[in-house]
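Here is a short briefing on the sheets of one protein model. Have the sequence at hand while you read.

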Amino acid sequence: MAERTVEQEQLDLALRRYRREASRSDLMLSASDDPLMAQRWSDMLATLSSSDRDGLAGLQDRAVQQVLDLGMAFRLTGEVEERVWPLSPVPMLLHASQWNGIEKGLAQRADLLEALLADIYGPHTLVDDGEIPAAIVAGSADYWRQMEGIAPPRGHRLQFYAADLARGPDGEWRVLADHVRAPVGAGYALENRLAMTRATDDALGAMNFTRLAPFFADFRQGLAAICTRSDPRIALLTQGRLNQSYAEQAHLARYLGILLVEGDDLTVRDGQLYVRTIEGVKRVDGLWRRMGTDLLDPLAFDARSTIGVPDLFEAIRTGRLAMANWPGTGVVESPALAAFLPRLSRLVLGEPLLIPNVATWWCGQKSERAYVREQIDLLGIGSAFGRPVPAVPQGRIRLAARLSETERSALMAELDRRPMDYVGQELVQLSTTPALINGALLPRPFVLRAFLARDAEGRWRAMPGGFARLAAHDDMRAALMGEGDMSADVCIVADEPQPAMTLLDSGPNMAIRRVAGTLPSKAADNFFWLARYLERGEMVLRMVRALIGGSLEAETASTLDRSTLGRVANTLVAWGAARRDSLNRGMNALCVQVLGDEAMPGSVHALFDAAEAIGRGLRERLAIDFWRLLNRQIGSVHDQPRSLHMAYVARLLDRCAALSGLAAENMVRGAGWRFLEIGRRLERAIHICRLVKTFAGDEASAHDLNLLLDLCDCQITYRTRYLAGLALDPVRDMLVLEPNNPRSLAFQTDAILAHLQALPSLRDDGMPEPAVQLALAITARLRATDADTLTAVDLDSIERQLLQLSDRINDRFFLKGEDAPRASGMTRLA
C-alpha cells in the first residue's frame, strides 16, 4: 500500500504541474466534463506510470527502445540520413461515441471529393455552371487532362483518404487539409500502436482500445476487389529508399503482404503491367501508388520523371490495372478548392459538411482578395495549390503578422500580380494533449491525421484513431509543425472489451503455400550485393587485424615479418582500401585510412555504408534483428592507440558473425536467401584466389602461410590435421581444393552451383542456363586439380571465370530494360 501511495503522489504532482501549463482547451482537462473519460485518462496515466514500469521516465525509455527495435524512421526534406521516429509514450484518448461522429464526417467528405473528381474528369458540369472556377481546376499542377473520360474500377477514383483535423477551444473539430494524392502516415499510426503495445506489455489493450488490424484487413480486401483476377498480385509503388517515408512504406508492404516495388522493377507490355522477377516478368493487377501522378509515366505525364514506368498510362487506360488512388486525384487537395467545399456539399450531396473546413478565402475572387488584404494580420497566407510561389516559397501557410516589412510588401505586390496563386486562412487555436518530454508531462498543440479506406464492398472504413502530430513550439495558432515535432498514438476507447484481431485469414478455403511468391529482380540484386559488400568488409577487417597484431618494424620470430606485412598493406592498396602514399606514413596511419576513410571505396567505412544503403532497399524483406544490426552506426576511427583499433575491429567482426548467424538460422531457404548465399560465396571465392596467389606462391614463407591460414580462419583445422608444421601443398589443398572446408575455394563453387541449380530456369528444354554451365565448368576444373600442380596461372584463370560468372548471374536474374524475358510455365502468385 505504501508503494502505491508513493506512485499516486508522484502522478498527482505531475498532473498538478501539467494543469498549470495547460489551457482550458486541453484534450485531457476538457474530459472532466465527461466523468467516464476523465477516469479513463486517470487510469491510463496511472497504468503507464506504475512502479513496475519504472514510472514515466522508464516508460519513455521503453518506448524509445521499441521505436529502435521496429526500425521506425523518417527523413526531413532534403536530408539523406534517416531520423528516429519521435514518439511520445502518452497516447491521446477519444471516446468511441465522439469518434463515430468524426468517422461519419470524414466519410461524407470523401464522398464529396469522389463526386467532384467524377465531374472534373467527366461532364464538367460544376465548372460549366460556375460552381467551381475553371482556374482552380486548370491552375492545379495535379490536374491531368489525359485522365478525362477514363473510368476507374467500380467508378471509384479514391480508395484511400486522409485528413488533418484540428480541435478548437470550443471542442469543435475542423479539417485543415485533405490528402488523396499519396496519403502518408497510416504505417506510422500502425507502428506507433505496435511500439506502445510492446512498451506497455499490452496494458493498453486491457483498457478497451479499438484495434487497428480490421482497418488494414478491409483495405487489403478492398484493393483485391478492384482487381480483375480473383487472386491478384498487388504492389506498393514507392519513389525509392531516399523518399521521406520509405521506412513507413516498407513496413506497410510487409504488414499487408504485398510487393514493394520501384519504377525500375516494372515494365508494360501490350497494355499489361508486369514486375521483373527472377522467374521472368510477372503480371501485376493492382498498384498502391506512393508518388504523384506527374512521376508515374514519363511518356504520358511529366517527361522529366526518371522513376516512373513508361507506358503505365496505357495499362490504366485499357482497364488492365487497378490503382489506388487513381491518377489525377490530387486536383481536389488544393486549398483553393477547400474554400468552395461548404457550398459544394449542399449542392452535390444536399447536406452541409458534418466537419467544417478551416475558413479559407481564395484570392482569385475580387471580394475575397479584398477581405484578405484588410484582415491580413489575422490570417495565414498560403499557396492556392500547395506548391511554392514567390511569397510562400515553401508552399506552406505563413503567419502574415510575422512577415517583415519587405516580405509584406512583396506579398501585397504578388496579390496584385497573381492573386489566383494565394489563399488566406483563419488561424486555428489548437487544443493541447499531454506529451512526455524529458520525463515530464507537458501540454503540446496537436493535429490529428485520420485515415479512411474502401473495403471489398466499396464502403468507407475509418482507421480507429490515427496519429497525432505534436508541435514542438508554443504557438497555439499554428496549424503546421516542423522539425522537433513528436507523434502520439491516438486511441479510441470503447465501453466494452475489444477482441484481439490480426490480418490472419480464417476462411476455410485458404490455400497452403510454401513459397513467398516470386522474388523481384531488384530484390535479388540487392541480396546478392549486400552479401558481397559484407563479405568484402569482413576480409578487409581480417587484414587490418593482421596489421595491428604484427608490426612492420618488428623482426622477432613471434610476429609476422616485414615482407609479409608489406604484402598485406599492398593488397589493401590494390583493393582500394587505402592510398599508396599511406604506406610511407606508418602502420597506424594506414589502419586509420583503411578503417575510416569514406573517400576510399574499399575502406571498411565505405563498404559498410554501401551494405547499409543496399539493406534499405530490402527493408520489407529483412527481419527486424537483422535490419537493426545492419543499420547500427559503425562509429568513427581516429589516430589512436593500437588497442582501440583492435577493439574496433573485433566489434565489427562480431557484427559480421552475428549477421551471418542470423541469415543462416532465421532466413527461410527461399530465393532471397539463395542470392544472399551466392553473393557471399562468390565474393569469398574471389578473395581466396587472390590471397592464395599473394601468400601461397612458390616462394612463400612460413609467415605468409601462417597469415593466410589466419585470414581464411583455418588455423585450428590445419594444426589439428598436420602436426608436423606448415607446408605449401597442404595449405593450398585445404584452402583451394578441400570440398568439406567451408572456407575453401572448392566449397564456395560447389555451393554456388547448388544454389544456381535450385533457382528457377527460363528454359523449357531441360538444358542448363549459361550461369549454371559456367559454374559446372569451374567446379569440374577444381575437382580435376591437385595441390602440387596448382599454379598462379590456374588461379588467375579461375578468378576471371568467377568474375564472368558474376556477369552471367547479373544478365540472367537482375533483369533491366526491355530485355527482361518472360517466363514460360510459371504461375505462382505473390
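Predicted model: local features only at pLDDT ≥ 70, side-chain atom pairs only at ≥ 80, totals over all residues.

Residues are numbered from 1 along each chain as its sequence is written, and side-chain values use heavy atoms, with hydrogens and water left out.

**Parallel sheet**

- Four strands make an open sheet, ordered β7-β6-β11-β12, with parallel pairing. Strands (E, at least two residues) and helices (H or I, at least four) are DSSP runs, numbered from the N terminus. Two strands pair if DSSP finds at least two bridges between them.
- β7 (259-261) and β12 (322-324) are the edge strands, and each pairs on one side only.
- From one strand to the next, the twist averages 25°. Axes are lines fitted to C-alpha atoms, for helices over the stretch in contact, and angles run from 0 to 180 degrees between N-to-C directions.
- Four bridges link β6 (residues 234-237) and β11 (residues 286-289) in the parallel sense. A235 has L287 in β11 as its bridge partner.
- Helix α10 (residues 246-256) packs on this sheet and touches β6, β7 and β11. Contact means heavy atoms within 4.5 Å. The direction of α10 makes about 150° with that of β7.

**Antiparallel sheet**

- Three strands form an open sheet in the order β8-β9-β10, and the pairing is antiparallel.
- β8 (266-269) and β10 (280-283) each have a single partner strand, so one side of each lacks a neighbour in the sheet.
- Neighbouring strands here are turned by 40° against each other on average, direction ignored.
- Strand β9 (residues 272-277) runs antiparallel to β10, joined by four bridges. V275 stands opposite K282 in β10.
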